[in-house]
Amino acid sequence: MNRHRILVTGGAGYIGSVLCPRLVQEGHEVCVYDGFFFGRKPVSDLLQKPGFSLEEGDIRDRGRLEQVFRAHAFDRVIHLAAVSNDPSSELDADITRSVNLEGTRNVMELARQAGVARFLYASSASVYGLREESRVTEDLELQPLTLYARYKGEGEEILSGLVGRDFEGVSVRSATVCGMSPRLRLDLTVNILTHQAICRRKISVFGGDQVRPNVHVRDLVDFYTLLLDAPGVSGEAFNVSESNATVREIAEIVRDEIDGNIPIEVTPTNDNRSYRLDASKVTRQLGWKPGRGIVDAVRDLAAAFADGRVPEPESSRYRNVALMSEKLDFWRRFA
Ligand SMILES: NC(=O)c1ccc[n+]([C@@H]2O[C@H](COP(=O)([O-])OP(=O)(O)OC[C@H]3O[C@@H](n4cnc5c(N)ncnc54)[C@H](O)[C@@H]3O)[C@@H](O)[C@H]2O)c1
């Protein structure tokens with residue numbers, strides 16, 4: 001296995017704080033560049049490990065980013081930093097544009113300028129929008145419906161424009177992620193329903209027939225690790241998803257795992273929009289597929305709740321839009 005010097009933007013977030021220990025464990029040098037909106041605690045224990053470092057900074061601060069690229073000779077970048085869901089992105093369009101578009105452009109341009117050989121970009125399955133097609137594959141035209149999805153798609157375009165022989169780029173169109181993380185999010189479908197079952201002893205779903213693709217956070221991390229060296233992937237986008245399940249099916253998996261007596265309360269809704277994802281390309285091309293299911297995420301979360309790793313579960317710190325609306329000034333710094 002090759003050892004890399006990897007910059008992980010947004011590395012202290014939900015996905016990053018599972019990814020970074022894994023990269024360190026595999027012997028890579030890892031530098032997290034993050035504004036630490038959720039604090040640095042999720043990754044601060046890693047500072048004891050050789051080869052791990054933290055750099056505080058905003059991806060909109062081009063000068064600071066340049067400094068960090070100069071100080072480390074990175075050969076890989078994994079770009080996770082973002083206003084990272086639809087509702088948070090709708091709070092303030094200027095902030096979202098400045099972070100998800102301009103900040104992303106900064107990271108991509110500076111990475112190429114600094115001689116980084118491969119760039120992995122956290123795009124999202126939301127770039128497809130709502131589709132009638134039964135198989136939502138990577139070759140479909142993007143039809144983003146939200147600001148969040150639109151900038152994810154535009155980020156892919158920026159990357160495509162920069163990719164060349166000496167600068168490889170891959171876009172990861174991930175399904176909604178689930179499972180436990182040192183920086184837990186309880187605003188993602190499986191995690192929301194698990195929290196409800198454990199803490200409120202009731203699961204509430206609206207409609208329930210909507211299909212949602214999901215992937216376990218540790219599977220997504222496995223995939224990023226694979227992409228560090230996978231051959232023939234430059235210029236490609238990959239869907240990553242383990243299953244397409246309806247919200248009601250997810251609720252039933254959660255209930256059956258936590259306690260079969262927990263009621264599932266269904267509120268009728270007109271919004272029965274479904275999102276599906278066909279993730280077969282990654283298996284065909286790279287021989288990889290996720291190894292964990294929704295039930296594994298529910299088990300991990302249940303164990304974390306049981307042993308006190310989720311203090312104050314109703315707190316806004318587990319919910320991006322709630323925390324962001326309390327702290328908009330934090331984000332306005334460079335907007
Ligand atoms: N979680 C999911 O279900 C999911 C699905 C598809 C794609 N993604 C994408 O994966 C990435 C990571 O998602 P996550 O769930 O870990 O999100 P998260 O909100 O938990 O983490 C984002 C991290 O980025 C940092 N950050 C945000 N803006 C920054 C800025 N301007 N400068 C520096 N740091 C900044 C935050 O401090 C945080 O540590 C995001 O780009 C997200 O859009 C996530």
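**Cavities, ligand shell and buried residues**

Modeller: The second largest cavity is lined by H79, A81, A82, N100, T104, Y121, Y151 and K152. Two or more residues of that lining come from each of α5 (93–113) and α6 (147–162), where a helix is a DSSP run of H or I with at least four residues and a strand a run of E with at least two, both numbered from the N terminus. The model is predicted, so local features need pLDDT of at least 70 and side-chain atom pairs count only at pLDDT 80 or more, while totals for chains, interfaces and linings use all residues. Residues are numbered from 1 along each chain as its sequence is written, and side-chain values use heavy atoms, with hydrogens and water left out.

Biologist: What makes the space lined by H79, A81 and K152, among others, a cavity and not a pocket?

Modeller: On a 1 Å grid over the protein atoms alone, a cavity is a set of points where a 1.4 Å probe fits but cannot get out, whereas a pocket is an open set with protein on both sides within 12 Å along at least five of seven lines; lining residues have an atom within 4 Å of a point. The points are joined across faces, edges and corners, and a volume is the space filled by probe spheres set on them.

Biologist: What volume does the largest cavity have, and which residues line it?

Modeller: Its volume is about 40 Å³, and its lining consists of F37, F38, A82, V83, S84, S88, N320, M324 and W331. Counting Ala, Val, Leu, Ile, Met, Phe, Trp, Tyr, Cys and Pro as nonpolar, Asp, Glu, Lys and Arg as charged, and the others, Gly among them, as polar, this lining has six nonpolar, three polar and no charged residues. The lining of the second largest cavity divides into four nonpolar, three polar and one charged.

Biologist: How many residues surround the ligand, and which are closest?

Modeller: A residue is near when one of its heavy atoms lies within 4 Å, and 33 residues surround the ligand, with D34, S84, Y148, K152 and R183 the closest. By class, 17 are nonpolar, 10 polar and six charged, and α6 and β7 (176–178) each supply at least two of the shell residues.

Biologist: Why is S123 called buried?

Modeller: Buried means under 20% relative accessible area, exposed over 50%, and partly exposed in between, with a 1.4 Å probe and protein chains only; S123 has 6%, and is therefore buried. S123 sits in the loop between β5 (118–122) and α6, and its side chain makes a polar contact of 2.6 Å with that of E156. F69, in helix α3 (residues 62–71), is likewise buried because its value is 6%.

Technical notes:
A polar contact is a pair of N or O atoms within 3.5 Å; within protein, one must be able to donate a hydrogen and the other to accept it, and residues adjacent in sequence count only if both atoms are side-chain atoms.
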